[in-house]
Amino acid sequence: MCDAGRAGFHMAHNVQGFVLRMPTAGNAPTGGGAWDFGKAFPALQRFLADEEALGWYAQALAQPGGKRFADAWLGRAHCLKRLGRLEEALAAYRAALAIAPFQGEATMEAARCAQELGRDALALRLLRRAAKLRPDDLETRFQLALLAERLGRDAELEAAYKALLALDPDFVPAYHNLG
């Protein structure tokens, strides 16, 4: 196993240990918890199968105070999305956003789930919010423009493409789609 793989395995193993000895009060490790909890959940995603990672996320969220871990909800949502369980993924993204409302990644991924589920009004609200949270992100702006176009919202479509061109004057799809 390479050094990066070994480090990731140990990080995931630390998550297992942490979940098992998570304090009953508060939302962070105390005493022996010297490693960064925020980095532990992504390790689950990278080094465990999604179904196995879901089990550890469930255990973390079931601990006293565990429902306050936005990273656990976000990791759970990513796993559920990869497994094609979009309704559950959307609910988990929304739980993460209830705790950390300014989390741009969760907002964007929730919007993608809503779009895949055909919930365009929700997707549009989430994409608008993601564009505010990530004003310099071309992908967010482009997705907002594409959805506005599909929904026939011409004024919003034009504004989204102009915002894209303000960020990147060489963004060819914006020129093409503006006509």
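Two residues are in contact when heavy atoms lie within 4.5 Å of each other. The model is predicted.

The protein contains 10 helices and zero strands. Along the sequence, the pattern reads α-α-α-α-α-α-α-α-α-α. The chain has 179 residues, and 43% of them are buried. The accessible surface amounts to about 9,300 Å². Carbon and sulfur atoms account for 55% of that surface. Contacts across the sequence were also examined. Of those between residues at least 6 apart in sequence, 51% connect residues at least 24 apart.

Helix 4 spans residues 70-82 and has 13 residues. From its first C-alpha to its last, helix 4 reaches 18 Å. This is close to the 18 Å expected at 1.5 Å a residue. Several positions in helix 4 are buried: A70, A72, W73, L74, G75, A77, H78, C79 and L80. Just after helix 4 comes G84, with a positive phi of about 80°.

E109 lies in helix 6, which covers residues 104-116. The relative accessibility of E109 is 13%. The cut-off for a buried residue is under 20%, so E109 counts as buried. H78 is one of the buried residues of helix 4. The side chain of E109 also makes a polar contact with the side chain of K81, at 2.8 Å.

The structure holds one aromatic pair. The ring centres of F142 and F171 are 5.4 Å apart, and the ring planes stand at 75°, so the pair is edge-to-face. The pair links distant parts of the chain, with F142 and F171 29 residues apart. F142 sits in helix 8 (residues 138-150). F171 sits in the loop between helix 9 (154-167) and helix 10 (172-178). Both F142 and F171 are buried.

Conventions: Residues numbered from 1 in each chain as written. Predicted model: local features only at pLDDT ≥ 70, side-chain atom pairs only at ≥ 80, totals over all residues. Heavy atoms only, no water. Helix = DSSP H or I, 4+ residues; strand = E, 2+ residues; numbered from the N terminus. Buried < 20%, exposed > 50% of the residue type's maximum accessible area, 1.4 Å probe, protein only. Areas by Shrake-Rupley, 256 points an atom, 1.4 Å probe, with all protein chains shown as cover. Phe/Tyr/Trp six-rings, centres within 6.5 Å; stacked < 30°, edge-to-face > 60°. Expected span 1.5 Å × (residues − 1). Polar contact = N/O pair within 3.5 Å; in protein donor to acceptor, adjacent residues only side chain to side chain.
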